[in-house]
Amino acid sequence: MTLLGCILLTVLGVEARVLPGDGESPHPTSPDPHSQCLTKSAPRKAQAAGREATPSWADARARASRLVGQMTLEEKANVTRGFATRDNVCAGNSGSVPRLRWPGMCLHDAGNGVRATDMVNAYPAGLHVGAAWDRGLARRRAYFMGGEFKAKGVNVILGPNAGPLGRTPLGGRNWEGFSVDPYLSGQLNAETVAGHQEAGVIANIKHFIGNEQETYRRPYFGVEAASSNIDDKTLHEYYLWPFMDGLRAGAASVMCSYNRINGTYGCDNDRLLNGILKSELAFDGFVLLDWNAQHSVQSANAGLDMVVPYGGAWGNNLTEAVRNGSVSEDRLTDMATRIIAAWYLVGLDGVEFPPPGVGMKNLTEPHQPVDARVPASKPVLLDGAVAGHVLVKNKKSALPLRGKMAMLSVFGYDAAIPSIKNVDRAFELGYTSSRDLTQAVLGTERHFDQAARGGTIIVGGRAGANAPPYISDPLSAIQQRAEVDGTWVNWDVTSLEPDVNAATQACLVFINAMATEGWDRDGLHDDASDGLVRHVASRCANTIVIVHAAGIRLVDQWIEHENVTATIIAHLPGQDSGRALVRLLYGEANFSGKLPYTLARNESDYPVLAPCGRRANTTSPQCDYSEGVYLDYRAFDARNITPRFEFGFGLSYTTFAFSSLAVKETAELRCSASTGADLWETLVIVEARVTNDGRVAGAEVAQLYLGIPGGPLKQLRGFEKVTLQPGESKAVRFGLTRRDLSQWDVVRQRWVVQAGQYSIHVGASSRDTRLTGSLVVKS
């Protein structure tokens, strides 16, 4: 075949257009791509994920080179490691170069707000942001959060989380990320990176890569960390995808992970750090070690740039390695330059940035609090809390509650505020509702109650937790509304078999599912909480269930009960949890959240459930990612399994109609694989109209799924959230890039658009696609 072009046909049912184009496929079930299209050769550096060095990076690196050029060997080594200090409680403090007035940096948790300090806000957690499906809201959250880190003197935010994505729904840290879907995760990671760095702090996108379980996540007691054995195609198309988006947004730092990948530790992995991250993706920033992750002096040659919290295996050994030639001084210079370039990139050299760690003090010792909050963040906190609630059942329009309710009953341990929020270990680790977790020692096998029975939860546990100034709990918020309306409220937040006042108009049952860094969950539901729901439902004809969840929480033990009239997956809303919920319950705000994962009927429906074990007591646990990219809805589609509630599902108080699908070419498709520079080029525009045909204002998330020949039936490749008044209609527009249309060819090491028919699906969820069309790329 020659490079004369291909024919791209658009088939829409009511119209068809002929457009030029081309494609090729590496999929083993597709025709051999090497016989279809020629591939232009390109130097490896030119393939850099389509991102040329931006002027800001170029300028930052030039300035960093000038500063590092003045440093001694010891000063350069000092920049690349952490040191202990009593001046602050930052999770890590880098070395400094006082002679050149470079102050060093404070690095601190985490992706959901400043952890273990006072006078900051507790934002909705990553999973809650994922359920909002709102790029703009994610950006604003990140910006105001970043401002709080900056006010506290934190130079590097240890977030956002692009991994774990959620290969196993039992993953203890899934709640820190945005979604199991790489496209949705990537879009929200990109907005978060941009927001943080616009605020003037370094974003540290993590954990690179395949860090998909807490079980055997790092070596303990003579057992190696689990090896995530991932083929190159799966790595690129699934786990690398959100990192690519974060890097394109300008992420100045990447955290390498604790685990092994294909047998080699993440922070000692030349193939990943030098080969993929710094060469293929042309990453300009620095690679940061996850705290005390496995490494050696030779990790510097593998691409690691900074170790924390102390000197680790480097210590004084790094300078000795340079002197004996095992690590070149050019490499050390590059390490220091990358770190300081990131510092310049986000403006940390500005006079307005406070001293590192100035607001991060031991709260039990005398200190002058630094109030990092600003009034402008309040709407973002509340709007974010509202947006991540997902209404999954609303029988006979049980919600919103109508008018002034005469009597309500509130049940469940998750309804009330935790009994203690103080300067203790539970506060530091987000365990205020699960205080027994504070006794757990990392690396030991522990099994916990799936429910946090000590009060409502607004965040998961350990490094990703944040510090709330207050918690608006559901019961308090309901009582405040009751005071205004004259409602009689009954409540019992302790009993699993409460009495029910037969005159109550509605019973609100609050349960939760807790998760934490360090341990994976034992299951996706707990019988006691499900029993509470069934008990109340058997006595109350209008039972509304609210589930705060740090991950997937199954509902099939009670969802079809005739008296369960409404169900809300409330996720992790942050400090304004109760206030946001009451607005939704009474119709002052409308539900617009969508599930960022598939909610199954049974645990066994998930393609991967349990984390990998040791296999006959081996000291080298192996995790074979043999399912490839077929996770969550992709696997449910492939196996024809009906979920309880599909990926992207969520109800509203209004209804929406979709119409007028159109597909347009924006650039000529050629029979060649991507060289990298064109990877982000928009090739196709898909447009549709969304109309609010209901009675109240609301927001719909229009979702575009693409079926790539030989791949999953559907893959998310676009979403737009649009707010509409009753009767109003707006156009939504999705740009499909070359990457969106491509698969990774492991032979050529290129992204390729293959020949064949591409199905296009636009609608309200992964299984509610109202509009369909197709693209045919042929020779």
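Fifteen is the count to start with: the second largest cavity is lined by 15 residues, and Gly430, Thr432, Ile458, Val459 and Ile471 lie nearest its centre. This is a predicted model, in which local features need pLDDT of at least 70 and side-chain atom pairs count only at pLDDT 80 or more, while totals for chains, interfaces and linings use all residues. Residues are numbered from 1 along each chain as its sequence is written, and side-chain values use heavy atoms, leaving out hydrogens and water.

A cavity here is a set of points on a 1 Å grid over the protein atoms alone where a 1.4 Å probe fits but cannot get out, and lining residues have an atom within 4 Å of a point. A volume is the space filled by probe spheres set on the points. The whole structure holds six cavities of 30 Å³ or more. In the largest, the residues closest to the centre are Gly166, Asn174, Val180, Ile552 and Tyr597.

| Cavity | Volume | Lining residues |
|---|---|---|
| Largest | about 180 Å³ | 19 residues |

Six strands (DSSP runs of E, at least two residues) form an open sheet in the order E12-E17-E16-E15-E13-E14, with mixed pairing; two strands pair if DSSP finds at least two bridges between them. Strands E12 (390-394) and E14 (488-492) stand at the edges with a single partner strand each, so one side of each is left without a neighbour in the sheet. Strand E13 (residues 407-411) runs parallel to E14, joined by five bridges, and Met407 has Trp488 in E14 as its bridge partner.

How values were computed:
Helix = DSSP H or I, 4+ residues; strand = E, 2+ residues; numbered from the N terminus. 1 Å grid on protein atoms, 1.4 Å probe; cavity = no way out; pocket = protein on both sides within 12 Å on 5 of 7 lines; lining within 4 Å.
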